[in-house]
Amino acid sequence: MAVPFLSFAPQHNPIRDEVLAALARVYDSQWFVLGENVRAFEAAYSTFSGARYCIGVANGLDALHLSLLALGVGPGDEVIVPSNTYIATWLAVSYVGATVVPVEPDPASYNLDPRRIEAAITERTRAIMPVHLYGQACEMRPIMEIARRHNLLVIEDNAQAQGATSHGGLTGSFGHANGTSFYPGKNLGALGDAGAITTNDEEIARKIQTLRNYGSQRKYYNEVIGYNSRLDEMQAAALSVKLQYLPEWTRQRQQIARWYNEKLQGVGDIQIPVVAEGSTHVYHLYVVRTAHRDALQQHLGKAGIGTLIHYPVPPHLQQAYATSGYLVGSFPIAEELANTCLSLPMWPGMTPEQVTTVADEIGAYFN
């Protein structure tokens with residue numbers, strides 16, 4: 001049985017008519033930018049995230065960039081980020097002229113290790129940017145305590161963990177401003193690029209609303225040098241429909257993860273995901289580790305099973321950051337994860353038979 005890495009069909013097919021009807025209403029309204037659909041989705045997503053405000057923007061990278069700008073982070077500042085993350089987290093810091101300060105993750109959870117943060121704080125440190133990687137909430141209680149103790153800002157990168165919790169609090173509700181992505185493959189995916197920022201601060205929300213719209217709150221009157229980064233009406237309409245189904249899709253992801261956990265426990269040297277105490281995981285990705293990663297991926301591919309590597313090159317070894325002076329060995333935990341992690345098929349609608357097929361092929365490789 002072939003098993004693709006990702007299939008949208010089980011999610012999209014049942015709600016096809018509902019989404020198309022929502023898109024048709026936008027088309028017929030003849031209002032396509034910053035209208036009622038954006039406002040409705042922003043209200044619904046702020047409620048879902050447990051934050052007072054939501055501002056829709058064009059994509060997840062813009063969400064992080066505009067968050068940093070609205071908080072006044074810029075040249076001369078340092079921002080603590082995970083050493084293992086998608087490069088967008090680092091790019092947002094670079095966009096505002098601040099300095100990226102990588103900190104290694106907890107090798108068990110893969111998330112930013114709170115126990116390593118304080119050693120990286122200097123007099124120039126302005127913010128911490130935790131990333132809820134693969135769908136697991138970071139340990140936000142100690143991260144927020146460190147931030148309070150050192151008077152630092154917190155910007156959550158919540159692109160992969162919509163609906164996850166840390167000690168009962170929802171991701172996207174802890175930080176001063178928090179970015180998320182609705183890229184199609186995310187747990188809540190748009191029909192193209194889209195993103196949003198959540199915050200509990202009214203003034204920060206107003207600044208972001210201004211920055212996303214050419215620096216303007218009133219048409220043709222520009223308060224600051226802004227950007228064109230607006231969530232459009234079509235994407236907002238589709239996201240409003242899909243948001244209603246996200247809790248059920250999350251439940252399915254968590255069930256699929258439990259099936260994987262049961263079937264892969266003790267197979268070869270496979271390390272299954274570990275969830276930190278007090279955190280929940282919404283399994284944007286189901287990531288295992290093995291010293292035989294490349295050979296296993298090749299074996300699964302021959303069997304028709306799709307896999308991906310998130311991410312094969314850590315940011316400090318990317319050519320884009322060559323001038324930072326980092327070398328192989330600079331962040332050994334991030335490098336070890338990059339060399340051993342493998343993402344298995346994970347999508348709402350996967351059947352027990354498909355999970356069994358993947359697990360059996362992994363077992364066949366090790367046997």
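User: Which residues does Ser279 touch, leaving out those up to four places away in sequence?

Analyst: In this predicted model, Ser279 touches Gln136, Ala137, Cys138, Glu139, Thr165 and Ser166.

User: And where is Ser279 found?

Analyst: Ser279 lies in the loop that runs between helix H10 (246-264) and strand E12.

User: Is Ser279 buried or exposed?

Analyst: Buried: the relative accessible area of Ser279 is 9%, and the cut-off for buried is under 20%.

User: OK, on to E12. How does strand E12 pair with E13?

Analyst: They pair in the antiparallel sense, with four bridges between E12 (residues 286-289) and E13.

User: Which residue in E13 is the bridge partner of Val287?

Analyst: That's Ser343.

User: What about the faces of E13, are they covered or open?

Analyst: Both faces of E13 (residues 341-344) are covered. Cys341 and Ser343 sit on one side, Leu342 and Leu344 on the other, and all of them are buried.

User: Switching to helix H5. Which of its residues are buried?

Analyst: H5 covers residues 88-95, and its buried residues are Ala88, Thr89, Trp90, Ala92 and Val93.

User: What follows H5?

Analyst: Gly97 comes after H5, and its phi is positive, near 85°.

User: Let's zoom out. How many helices and strands does the protein have?

Analyst: There are 13 helices and 13 strands. The radius of gyration is 21 Å, close to the 21 Å the globule rule gives for 367 residues, so the protein is as compact as a globular protein of that length.

User: What box do the C-alpha atoms fill?

Analyst: Roughly 70 × 55 × 35 Å, taken along the principal axes.

User: How many of the residues count as buried?

Analyst: 55% of the 367 residues do.

User: What share of the contacts joins residues at least 24 apart?

Analyst: Counting contacts between residues at least 6 apart in sequence, 69% join residues at least 24 apart.

Key
Residues numbered from 1 in each chain as written. Predicted model: local features only at pLDDT ≥ 70, side-chain atom pairs only at ≥ 80, totals over all residues. Heavy atoms only, no water. Helix = DSSP H or I, 4+ residues; strand = E, 2+ residues; numbered from the N terminus. Rg over C-alpha atoms; globule rule 2.2 N^0.38 Å. Buried < 20%, exposed > 50% of the residue type's maximum accessible area, 1.4 Å probe, protein only. Contact = heavy atoms within 4.5 Å. Pairing = 2+ DSSP bridges.
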